[in-house]
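Please study the sequence and the model before reading each solution.

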Amino acid sequence: MRPFVVLVTLILSFTGFGFADDPTPNTDLLGFGSESSAAQRAREERFDASLDAANLDRWMKHLSAHPHPVGSPWGKANAEWMLERFREWGYTADLATYHVLFPTPVERHLELLEPGSFIAALNEPAVPGDATSEQQDEHLPAYNAYSVDGDVTGELVYVNYGVPDDYEELERRGMAVEGKIVIARYGGSWRGIKPKVAAEHGAIGCILYSDPRDDGYFQGPVYPEGAFKNEHGAQRGSVADMPLFPGDPLTPFVGATRRAERLDRSEAPTLTKIPVLPISYGDALPLLESIRGPVAPESWRGALPLTYHLGPGPAKVHLKVVFDWQIVPAYNVIARIDGSERPDQWVMRGNHHDAWVNGARDPISGMVALLEEARAVGELVRGGWKPKRTIFYGAWDAEEPGLLGSTEWVEHNAEQLSEKLVAYINTDGNSRGFLRAGGSHTLEKFFSQVARDVLDPQTGVSVERRARARLLVDGSPEARKDARDRADLRLSALGSGSDYTPFLQHLGIASLNVSYGGEGDGGEYHTIYDSYDHFTRHVDPGFEYGVALARTAGRATMRLAEADVLPFDFVNFADTVAMYVDQIAELEDDLREEIQTHNRLLDESSFELAADPRATFVPPARREPVPHLNLAPLRNALERLSAAADAHALVARDPLAWAASDQIALDVLLYETERALTRSEGLPRRPWFRHQIYSPGFYTGYGVKTLPGAREAIELERWDEAAREIENVSEVIAGVADRIERITARIRRTERDDG
Ligand SMILES: [Zn+2]
C-alpha cells in the first residue's frame, strides 16, 4: 500500500467523514424511468461485485507472455483464446479476418560516416527483473511502419520536433533541409507528421529519437531501476499519413477482404515519401554530438549532455531501411449478445489486442478490463438479464500500424453500422490516476452521470469528483472555470490515435474513449519493456484502475443497452459547439493582428535590425492580410441549435412512459443526430474524414481539430476555402438543429395523441 492511501484510509476511519460522497442513488438515470432506473442500479451492484482484479492480472500475464503484433503466431493465438472465452461466457462470437499490408524490417542500418565513425546498435537488450525482455528472437525490432524502403546518405540537420513551426524557425536562419537527413525528437505532434513535413521540405531521410528530456532520465530513474526510458529504448510506431485516412494503406474506403481491389503499393498515398527510422537516445548521442553550425534555440534543447547544434553537418550519416512488404491476416474478435426488445439497435465496446511487442500496458491493460467487463455482463445475462439492445464486444487486431482491424471492419460493415450502431465505447492502454474521457458531446451529460457513480479506488470519492479536483488544481484557466461552474465534466474532443476513429469520424457514430491515468510512471511505450513486470511494478499494481475502467465502461455500455430511451442530450453539445465557434472567431482575430504586426515589422526592417549581423538571417515573407470572414451563418445556426437543445431538454423525460414501439422510433431519431454531423464529401483534401465537428489535425495527427474544415482553412490562411467551410459547417449545424426540432415535435405530438 502506498503512504498516500494509508493516510486517506486513516482520515476516513477516524473522522467518520472524509472525501466519501454518495453516488447519486436517488437520482434517476438518464434515459430511464424510476422503476427501470432502480433495477439498473441493482444490476450494476451485482456487476461491480462480480469484477475480480485477479482475472485481469492472470489474463494480462497470459496475453502479454509473448510479442503479439498483427501477423504473429501469439497474436493469432490470443485472438483464438479470446474467442473461446467469449463463447464460454455466453456470447455469439466469431473472428472477422482481413488481409492487410504490414511491412516488417529486413534491414536497418544507421552509420555515422563523418566526423569519426559510429554504427547505431538499434537494439534493446534484456534487463534483469523483466522476464519477457529476454525473448530477443521473438521481438519485432524498433522501426516505423509504412516508412518506404530507402538507402540514403547525407548531412544531418537537427529539426527539434520536426513540426511546421520548426521549419519556419530554420528558414529564418537561412537553413534548408533539402537533400539532408533530418533528426527530430519525439513529441510535439504525432510521429507520422514528422517525416511528412520533412519530405515536404525536401529532406531525403528522417531519424526519430526519444530525447531524455521528454522521455528518459530527466523524468525519473530509468528502467529497470525506475520506470522511465533507458538509453536503449526506442519507440516503434506507425508513420502512415493517418490524417489522410487510417486503416490498410491499400484499401481506402473498403474492407480489406481477400478479394478486395487493392492499390498498387507505389500509388498508396499514406506511405511516407522518405525512409524513417526510430532510435534510442543512446544511439542518437554520437550523432547529435557531431552536429555543428548554429546553436539550437533554447526551447529546442533536450537533456543530453551536449550543446544542441542545428547543422547542417558536418555529421554525415548513411541510413538504410529495407522492409518485407507482406500481406498478413488481421484477426478481429467480434462477440455479441442479441437484444431482446430492440435487437436492431447496437451498442459496441472495443479495445485492440495487438501490440508492437509484449504490450502489457498498450493495449493489454485495457483489453483485460474489457474482457472482465464482458465476463461480468455475460454472467448477468445468464442470471436472467435480457438487455433491450444488442451488445457487441470487439477485440481489434492491427491497431498499432494504423487502426487497421477496426477500420477495415467498419468499412466492410459500413451500411449496417450506419443504420444500427447507437454508440461506440473505446478503451486502450490504462494506468493509475484520474478519469480521462473524450467523445461526442451529445453523450456528455450521460457519461458524467456514469462518472459520478464510480468510486475512485484510492480515495473513495467518485471518479468524477477526483477528476474535477485535478482540473481545479492543475487545469488551464478555462478548465478550472469549467470544473468550478459546469454541472457536468467536459468531455475532451476526440482527434485520433485509437479505434474510435473509423466509427466517429468516418461514419458519424457517437463515441466515447475512456481511460485512467496521470499517476502511473513509464517510458515503456512501444518498446520491449512494456511488459507484465513493468506494468505490475510501475503502472497499476493490483489492477485497481483496471477494475475501475471495467466499472466505468461497463456501466456506460449496459446503460446504453438498457435505457428506455437513448440518453442523448443536446444542451451540452450546443454549449460546446458555441465554445468552438468562439475559438474560431478568436483565431481569426488573433491571426489578423499577428499578420498586421508581422508585415509592419517587415516594412520597418525591424527583423533585420534585431538580428545578429554576423549570423545568417533571412527575413520572412510578407503575408496576406486576413480578410473579415462572415461568421453570421455560423452564429445563426448555433442560435437555432441552442434553442432546439433547450426545447428538447424540457420534454426529454416524457417518452420514458411511452410504449416500447414508440420509443424505438424515437431512439433512431436520437442516435441519427450524430450521422447528421457528417458530410458525404468529407473534409477538404481528405474525403475519408466526414465528421464536421471533430477530426485529427492535418498537421498534428492525433491532436484534435474542432470545426476542422473552417479551423484548418484559417490556420493555413486559405481564405476562400475558409468562407466555403464556414458555410458548410453552418449548414450541418442547422441540419442537426432541424432534426432536434423534429424530435421535440414528435414527442409533443405523441403525447397529444396519447392524451
Ligand atoms: Zn494502443
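**Exercise 1.** Determine how many cavities of 30 Å³ or more the structure holds, and describe the lining of the largest cavity.

*Solution.* The model under study is predicted.
Step 1. Five cavities of 30 Å³ or more are present in the structure.

**Exercise 2.** Identify which residues coordinate the zinc ion, and classify the geometry of its site.

*Solution.* 
Step 1. The coordinating atoms are NE2 of His352, an OD atom of Asp362 and two entries for OD of Asp428, at 2.0 to 2.6 Å.
Step 2. The angles among the four donor atoms run from 53 to 145°. Four donors count as tetrahedral if all angles lie between 85 and 135 degrees; the site of the zinc ion is irregular.

**Exercise 3.** Explain which parts of the chain His352 and Asp428 tie together, and state whether these two residues are buried or exposed.

*Solution.* 
Step 1. Along the chain, the donors of the zinc ion show the spacing H-x9-D-x65-D.
Step 2. His352 belongs to strand β10 (residues 342-352), while Asp428 sits in the loop between β12 (421-426) and β13 (433-439), so the pair ties together parts that are 76 residues apart in sequence.
Step 3. Both His352 and Asp428 are buried.

How values were computed. Residues are numbered from 1 along each chain as its sequence is written. This is a predicted model: local features need pLDDT of at least 70, side-chain atom pairs count only at pLDDT 80 or more; totals for chains, interfaces and linings use all residues. Side-chain values use heavy atoms; hydrogens and water are left out. Donors are N, O and S atoms within 2.8 Å of the metal (3.2 Å for Na, K and Ca); water is not among the atoms, so sites may look incomplete. Four donors count as tetrahedral if all angles lie between 85 and 135 degrees; four count as square planar and six as octahedral if opposite donors are over 155 degrees apart and all others between 65 and 115; anything else is irregular. Helices (H or I, at least four residues) and strands (E, at least two) are DSSP runs, numbered from the N terminus. Buried means under 20% relative accessible area, exposed over 50%, partly exposed in between (1.4 Å probe, protein chains only). On a 1 Å grid over the protein atoms alone, a cavity is a set of points where a 1.4 Å probe fits but cannot get out, and a pocket is an open set with protein on both sides within 12 Å along at least five of seven lines; lining residues have an atom within 4 Å of a point. Grid points are joined across faces, edges and corners, and a volume is the space filled by probe spheres set on the points.
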